[in-house]
Each structure stands twice: as structure tokens, then as C-alpha cells.
Amino acid sequence: MNVTKLKFRAEMKVNMIQITIKDQEFSYDLTALAQAFFPEKKCVVREEEAWRGRDGYTVCWEIDGERVFEHFEPSPYTRNTVKRKVYDLLSRYLEKELPWGTLTGVRPAKIPLRMLTEGMPEEEIDRVLREEYRCSREKSALVLDVAKREYAITSGIDHENSFCLYIGIPFCPSICAYCSFSSYPAGKYEKWMDAYLDALEQELSYVAKTFAGKKLQAVYIGGGTPTALRDLAFARLLDMVDRYLPMEDVAEYTVEAGRPDSISEEKLQGMKAHRVSRISINPQSMKQHTLDLLGRKHSVEDVKRVYARARELGFDNINMDLIVGLPEETSADFKRTLEEIVRMEPDSVTVHTLVIKRASQMRRDQMEQSGRRKEGRGTEGWRAKGRRTETGQEEERCAETMREENHYIEAMQDEAGAFLREHGYGPYYMYRQKNKALTTRNTNQENVAYAKPGKECLYNIVIMEELETVLALGSGGSTKIVFHGENRLERVENVKNVEQYIERIDEMIRRKQKFLPVKT
């Protein structure tokens, strides 16, 4: 191997964690833990063949080429005992604790919810979260509050004989800079809308035949932005839902109207006539400069106007989404947004954290800017210069920026939670973003929905805690089929591309039929 390649490998190793393990049994969990401690570093996992015959579990960590520890966990060991020991060793080495401890999954409320279902006292659940999972006092209190509310809402439901339905509409008036969903600009794709609804109708017909006799708990029409459909197409969608589904007994019917520039008087009137019980009007920010930066084609006044009109028409369960950490926003800006939103008195407020994912325009812009910087420096910039490379300096600056952003976002989350609680909102549903190495603004923080009593979204709880089967229709839909009594969940994916979804709709239905055959 030539000298240049050796130097390149040495540079890469500076920003890398290598985990050597007995086998792949806990590879995913240990990688997630590494990325929680080191979101700015790449993580590589390798197996050590010499350890495979050992009784017990061996794991070795190297950080930036330095061996930090090697630990042997004797049998009988579990995922939690291995993760907890590794966490403790890293925590002591780094003199750092993670707010969520060893809980690295996207659904932290699932554990306390299960404990509540099993009858465990709240004090004992708090002890387990803090001592066995190493959660901080604050995060334990938050996730337990969420689980208690979820339990109160869902404990009387016969999940085995119920299901929920998601209908995805992948069109938007414009694509926000942070968006990584499979969304398509409505103006450009208007010619596909009728064919898309034709395909949806076939899936709805399949659902009607397959789930006859089962209770439909909740319907959620999301996207994209469902109201980006033309008025007539949107009316057709609502008609189809009523025609194929047993809506008379549905506990909750949500339409994520989302963007105020897509919500017409006709659509509001149509949703009211079709007994839609819950809608979202999502500003994300109440600062006009931010909306312009994101490419959202509406004003702050549009948000207020559409919200007021929805109230006039009698909508009594309105959610509003906000995002912490938007470009060029300060903590004072976010605080003003919160204050304006609470003055409007929506029934629920969901506080998201900005994560710049690979598929978003924001991430593509980042990569393009990074590429230009590298090209301007020339190839010498990637080679060793003294004890530290320019690449290493950039990575250090990136890591410091991420730490600053994480601190800001965490502080804003805490402040938002306290502020909303003061105004009568309580947390009822949450999930966490997954970390990916070297992705800026990826905080691994939680997204939390707060609601006034009785205004929680049942669908959100069911889908997040995987309590019952959720059928997902439309392009990009991800169906989750729960097999009660088997501790098994099967996912069935629809293709994301709109044209492919339309052309292959028969295949999309056959994928579901493999697990859910049509009743005869």
C-alpha cells in the first residue's frame, strides 16, 4: 500500500470509533450508544473470531485509534446488562452522562408503558429507568408522564380486534428546505393526482374487504400536505373514505392540513361536513424571515387567519407543530413563537427538533458547500501537515458546533415543555430522532407532543407504541401488522415514487395480502 493511502487511513481513524465484539448480537445497540456519545464520529463494528467460543460476551472500544477499554460480561448476560456496563465505562472515561442513559431507541415510552400495563408501581418504574437504564431524573419524569397518559387513553381498547388507518398524500405546495419525506410539488404533479386517487381507492377497497368486522379506531390522513390536492380532488378523497370505511364508529379522524396556504374555505367546509374531528395547522415558526428561508409560501398572518376560520367553523381539536433549531433563529425567536402560539390556544402543540437528513435540500446544500471548500483547498488539504490535518481541524470545529447546537436545542426543549405545562398542556406522546455520524444538528433529542386533557391524538399513540395493526395506504406507506400473542410485528412497505405506486398498485395490495388475506 502506498504512503498516501496509509496517511488517508490514519486521518480517517482520527474521527472514528471501532467496536470489536464477540458476535453481531448487540451490534446495533452498541452502535447506537456510540453515536449517542459521539454524534460527530463514524462508528465501525467488527467481530473477533477468537472470542466466539467463549462463554460470556466480550467487547472492546477504540476511540480515534486509542484503546479505551476491553470488557468481559459473564453469562448469563442480556442486552441491557451489556449496554449498561459499556455505558458506565464510557461515562467514567469521558466524565459525561447522557440524559437518556442507555435508552437509544426512538420509543423510550414503550418500556414504562409496558411496566404500567403489568401493574408495576410508578415509584418502581422511576427507579428502573434511573438505575437500570441510567436515565436522568428529568427524562425519567418526562417519559413516565407520557406513558401514564398513553396508558390512561389506551388501556380499555381491544387492540387485537381493532386497527388504525393511515392515508398518505405525498404532495405539497412547495418543498421545505429541511424536508426529507417523499414529497412532490403539487403544481408539477397535478396531472398525477387523479391517477393517484384511483390507486388509493383500490387500496381502500382492499381494506374494506379484509377488515370487515374489525373496529376501525382512528383514521389519519397525512403527507406531504393532504390539502395540497385540488379542491375537487380533496373532496373526492373525503368521499372515498366515507364510502369504503365504517366511519360511524371511528373514535378519531385526523387530517394533517398542515400548510395554511393550501387550506381553502372549501376544504375546511368539506372536512367539517365529513366529520373530521382533528386537524393540524402547522406554522413551524411564527417568524416570517424563517418561513421565507425554509421556502414556505405563506405568511404568519395566513396561519392566524386560517386558524381563526377553522375555529369559527367549529373545529375543536387543532394541533400546531413547531420546530426548535431552525436556521438563523435564536432562543428569543423561538420563545416569541411559543408565546404567540399559546395565545391562539390550540388544543395540542408538538415540539420537534430540526434534524438535517440526507434527503433534504438543506443537507444537499451543506454537502455542496463542503465540496467547494475541499476543492478550493486542493489535494494537499487532505494530507498530513504536522500533528493535525486540516480535515481534523474541520471535524473538531464541526463537533464543537454540534455541541453548541445540542445545548441550545436541549435548553429550548426544556423551556418549551415548562411553558406549555404552565398553560395547561401535558406531554402525551414522544419519539426520538436516530443519530447518524457526521450529520450536523442531529441532536438525538426527543420530539414531544403536548395536549390539553382530552385532546390527545389516539393515532399518534398507537403508531408510536405499536399497540395494534396500522395499515398505511399511499406511496411511501409503511404498514405495521401486529400479531398479538406472538410478540411479532411485520412491516409492509409501499414504494415511495408516486408514478411507481400508481403503476404497481396491484403489487402493493399483494404485499399486504401475504399477511392479511382478503376475507371470502
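Where in the chain is the place of Gly-224, and between which strand and which helix is that loop?

A: Gly-224 is found in the loop that runs between strand 8 (215-223) and helix 9 (231-244). Helices (H or I, at least four residues) and strands (E, at least two) are DSSP runs, numbered from the N terminus. The model is a predicted one, in which local features need pLDDT of at least 70 and side-chain atom pairs count only at pLDDT 80 or more, while totals for chains, interfaces and linings use all residues. Residues are numbered from 1 along each chain as its sequence is written, and side-chain values use heavy atoms, with hydrogens and water left out.

The peptide bond between Gly-223 and Gly-224 is cis, with omega about 15°. A cis bond is also present from Ser-75 to Pro-76, where omega is near 0°. Pro-76 belongs to the loop between strand 4 (66-73) and helix 3 (79-94).

Because Asp-231 lies in helix 9 and Lys-267 in helix 10 (residues 265-273), the pair ties together parts that are 36 residues apart in sequence. Lys-267 is buried, at 6% relative accessibility, whereas Asp-231 is partly exposed, at 32%.

Another bridge joins the side chains of Lys-304 and Glu-340, at 3.1 Å from N to O. Lys-304 is in helix 12 (residues 300-312) and Glu-340 in helix 13, and this pair links distant parts of the chain, 36 residues apart. Lys-304 is partly exposed, with a relative accessible area of 30%, and Glu-340 is buried, at 19%. Elsewhere, salt bridges with shared partners connect Arg-107, Lys-110, Glu-466, Lys-480 and Arg-491 in one network. The structure holds 42 salt bridges.

Two further loops hold residues other than glycine with a positive phi. Gln-284 has a phi of about 70° and sits in the loop between strand 10 (278-281) and helix 11 (288-294). Glu-328 has a phi near 65° and sits in the loop between strand 11 (318-324) and helix 13 (331-344). Gln-284 is buried, with a relative accessible area of 9%, whereas Glu-328 is exposed, at 55%.

For disulfides, the rule asks for a pair of cysteine sulfur atoms within 2.5 Å, and by this rule the count is zero. Cys-43 is buried at 15% relative accessibility, and Cys-60 is buried at 1%.

Confidence should be read alongside these features. The pLDDT is the predictor's confidence in each residue, from 0 to 100; its mean over the protein chain is 87, and 83% of the residues reach 70 or more. Over residues 357-390 the pLDDT is below 50, and the model gives this stretch 43 contacts beyond near neighbours in sequence, a contact being heavy atoms within 4.5 Å. Residues 1-12 also stay under 50, with seven contacts beyond four places in sequence.

Notes:
Buried < 20%, exposed > 50% of the residue type's maximum accessible area, 1.4 Å probe, protein only. Salt bridge = Lys/Arg side-chain N within 4 Å of Asp/Glu carboxyl O.
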